[in-house]
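Me: I would like to learn how to read a protein model, one feature at a time. Could you take me through it slowly?

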Amino acid sequence: MAKKLKILIFPDPRLRKVAKKVIKFDKSLEILANDMLKTMYEANGIGLAATQVDFHVRLVVMDISEDRNDPKIFVNPMYQVLDNYKLYEFEEGCLSIPGFNEIISRPDKIELTWQDLTGKEHKDYPEGLLTVCIQHEIDHLDGKLMVDYVSALKRDRVRKRLLKELNRK
Ligand code: NI
């Protein structure tokens with residue numbers, strides 16, 4: 001049975017760690033991916049990076065389908081922005097930054113490569129929501145958060161609010 005993991009909340013410094021490449025495609029990787037999917041679904045998120053549950057390996061889970069039954073797992077995901085991209089604006093949220101939504105602009109055309117749980121390599125040219133979502137999640141693996149894209153003032157405001165909420169618990 002998959003178990004629910006604890007999601008780190010900004011400004012927890014562990015969210016700033018850079019995740020290591022997965023080299024062992026073993027049972028423990030599969031267990032982590034399934035635990036992350038359960039955690040993501042229970043939190044009503046559309047994506048979750050291992051960094052957010054304090055595992056610093058390059059693993060992302062996602063489900064952007066409307067009926068929430070299309071789980072996707074990306075091991076060692078990487079992307080390159082294609083030449084003919086435009087900026088796509090999307091109001092993003094993040095399970096590690098509760099109550100914070102901001103419109104972020106990201107390139108809308110990328111080449112995405114990743115491995116599955118067996119280590120097999122895949123390549124795709126995603127569009128729309130998947131494109132921005134995977135960029136958001138890969139940012140997590142690099143210790144980057146969506147608050148890094150907004151003004152220092154806004155970032156400071158959300159940091160203070162979340163610290164206050166943490167101290168009340
Ligand atoms: Ni996030």
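**Reading the metal site and the core**

Reply: Let us begin with a helix, which is a DSSP run of H or I with at least four residues, just as a strand is a run of E with at least two, both numbered from the N terminus; here His136 and His140 both lie in helix H2 (residues 129-141), four residues apart, about one turn of the helix. This is a predicted model, in which local features need pLDDT of at least 70 and side-chain atom pairs pLDDT 80 or more, while totals for chains, interfaces and linings use all residues. Residues are numbered from 1 along each chain as its sequence is written, and side-chain values use heavy atoms, leaving out hydrogens and water.

Me: Which residues are the protein donors of the nickel ion?

Reply: Donors are N, O and S atoms within 2.8 Å of the metal (3.2 Å for Na, K and Ca), and sites may look incomplete because water is not among the atoms. In this model they are Cys94 (SG), His136 (NE2) and His140 (NE2), lying 2.1 to 2.3 Å from the nickel ion, with the sequence spacing C-x41-H-x3-H.

Me: Is His140 buried or exposed?

Reply: Buried means under 20% relative accessible area, exposed over 50%, and partly exposed in between, using a 1.4 Å probe and protein chains only. His140 is buried, at 1%, and His136, at 7%, also counts as buried.

Me: Which residues have the most contacts inside the largest nonpolar core?

Reply: Such a core is a set of buried Ala, Val, Leu, Ile, Met, Phe, Trp, Tyr and Cys residues joined through side-chain atoms within 4.5 Å. The largest one has 15 residues, and Met36, Leu48, Val53, Leu59 and Val61 have the most contacts inside it. Helix H1 (27-42) and strand E2 (59-62) each give two or more residues to this core, and H1 gives the most, with six.
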